[in-house]
Amino acid sequence: MLLKQSFFESIQGDVKLFEGKNAFSQVKLNVYSFYQDGVVIDCGAHVMRKHFIGFYEPLSIDRVVITHAHEDHEGCAKYLSDKGIPIYLHPMSIEKSKKKANYMLYRKFFWGIRPPYRANPHEESFESRKYRWRVIETPGHAADHVSFLNESTGQLFAGDLFVTPRTKLILREESIPQIIRSIEKVLQLDFGEMFCCHAGYIKDGKKAFRQKLDYLYMLTDQVKSLSKKGYSVDEIHQQLFPRKYQLSTISRGEWDSKHMITSILSE
């Protein structure tokens with residue numbers, strides 16, 4: 001079994017973007033890494049390390065900041081750390097980063113086995129060469145998820161908080177209510193452009209987040225309404241998400257639409 005890979009480099013203003021794509025059968029997955037003013041935001045997947053490292057080699061990097069400790073976002077952290085570049089990560093994931101990666105086989109197939117690395121805890125804010133940055137707690141996709149606001153330019157680096165305006169699948173550990181609260185939080189911030197680690201560059205970040213928030217509000221109302229009428233989780237799932245996704249099968253249910261319903265009903 002072989003992955004089909006492709007890579008794309010682009011630039012938006014003074015932000016450099018590098019995207020790696022994996023495809024296997026009907027499942028297509030991608031991830032971005034960004035560079036601005038000496039700062040790398042997320043650092044790709046280990047299975048794509050040759051290409052991501054090729055992107056980093058000509059850059060002058062002062063620090064790496066990671067939105068959350070998932071293997072498609074921290075796969076090249078060891079390489080960059082071994083070059084003497086400090087890595088910053090949520091405090092709750094510091095110890096995990098030092099250990100051998102432990103996640104399901106399909107994730108190792110798609111993203112590789114993330115090597116152990118050493119990281120520093122995120123600061124509440126930091127300065128790059130020209131800009132001021134804030135670290136924003138935005139849990140939901142992962143408990144340790146943060147976003148980075150470039151306060152000087154009004155740009156938001158949102159990790160996996162956005163991804164798509166109409167979410168159909170989430171990980172078992174994700175929480176739709178938490179994602180809603182995190183989106184409500186970032187919408188109070190002063191930003192325009194948004195950089196998402198899977199959707200890439202989005203010119204009007206607030207508009208995109210409002211669209212996603214409206215969808216999640218609607219979904220929450222639908223799930224709660226059906227539950228009050230006596231429908232089971234499986235019945236709600238079949239009514240709202242009748243399509244079967246290959247990623248659900250490959251992941252043995254770690255990714256599933258049903259998790260959206262259970263997370264909504266858990267609150």
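In what follows, contact means heavy atoms within 4.5 Å, while helices (H or I, at least four residues) and strands (E, at least two) are DSSP runs numbered from the N terminus. Buried means under 20% relative accessible area, exposed means over 50%, and partly exposed lies in between, with a 1.4 Å probe and protein chains only. This is a predicted model, in which local features need pLDDT of at least 70 and side-chain atom pairs count only at pLDDT 80 or more, whereas totals for chains, interfaces and linings use all residues. Residues are numbered from 1 along each chain as its sequence is written, and side-chain values use heavy atoms, with hydrogens and water left out.

- An open sheet is formed by 7 strands in the order 1-2-3-4-5-6-7, with mixed pairing; two strands are taken to pair if DSSP finds at least two bridges between them.
- The edges of this sheet are strand 1 (4-12) and strand 7 (120-121), each of which pairs on one side only.
- Strand 2 (residues 15-24) and strand 3 run antiparallel and are joined by 9 bridges, and K21 has N30 in strand 3 as its bridge partner.
- Helix 1 lies across strand 1, strand 2, strand 3 and strand 4 (39-41), and runs at about 170° to strand 2; axes here are lines fitted to C-alpha atoms, for helices over the stretch in contact, and angles run from 0 to 180 degrees between N-to-C directions.

**Nonpolar cores**

- A nonpolar core is a set of buried Ala, Val, Leu, Ile, Met, Phe, Trp, Tyr and Cys residues joined through side-chain atoms within 4.5 Å.
- The largest such core has 33 residues, and those with the most contacts inside it are C43, Y56, I61, V64, I66, L80 and I87.
- Two or more residues of this core come from each of strand 3 (27-36), helix 1 (49-56), helix 2 (77-82), strand 6 (87-89) and helix 4 (105-111).
- If neighbours within four places in sequence are left aside, L80 is in contact with C43, Y56, I61, V64, I85 and I87.
- A second, separate core of 31 residues includes L149, L156, F209 and L219.

**Helix 5 and its surroundings**

- Within helix 5 (residues 176-186), the residues I176, P177, I179, I180, S182, I183 and V186 are buried, and the buried residues of this helix pack against strand 11, strand 12, helix 6 (205-228) and helix 9 (258-265).
- At the start of helix 5, a side-chain oxygen of S175 comes to within 3.1 Å of the backbone nitrogen of Q178.
- T220 is found in helix 6 and is buried, with a relative accessible area of 13%; leaving aside neighbours within four places in sequence, T220 is in contact with I176, I180 and I264.

**D160 and its histidine contacts**

- D160 lies in the loop between strand 11 (155-157) and strand 12 (170-171), and D160 counts as buried because its relative accessible area is 7%.
- Not counting residues up to four places away in sequence, D160 touches H68, H73, H141, H145, C197 and H198.
- The side chain of D160 makes polar contacts with the side chain of H141 at 3.1 Å and with the side chain of H198 at 3.0 Å; a polar contact is a pair of N or O atoms within 3.5 Å, where within protein one must be able to donate a hydrogen and the other to accept it, and residues adjacent in sequence count only if both atoms are side-chain atoms.
- D160 and A199 are 39 residues apart in sequence and 9.0 Å apart in space, C-alpha to C-alpha.

**Cysteines**

- The structure holds 0 disulfides, a disulfide being a pair of cysteine sulfur atoms within 2.5 Å.
- C43 is in no disulfide, and the nearest cysteine sulfur, that of C76, is 5.8 Å away; C43 counts as buried, at 0% relative accessibility.
- C196 is likewise in no disulfide, with the nearest cysteine sulfur, that of C197, 6.5 Å away.

**Positive phi angles**

- Most residues other than glycine have a negative phi, and most peptide bonds are trans.
- D37, although not a glycine, has a positive phi of about 55°, and D37 is placed in the loop between strand 3 and strand 4.
- D42, also not a glycine, has a positive phi of about 65°; D42 is placed in the loop between strand 4 and helix 1 and counts as buried, at 0% relative accessibility.
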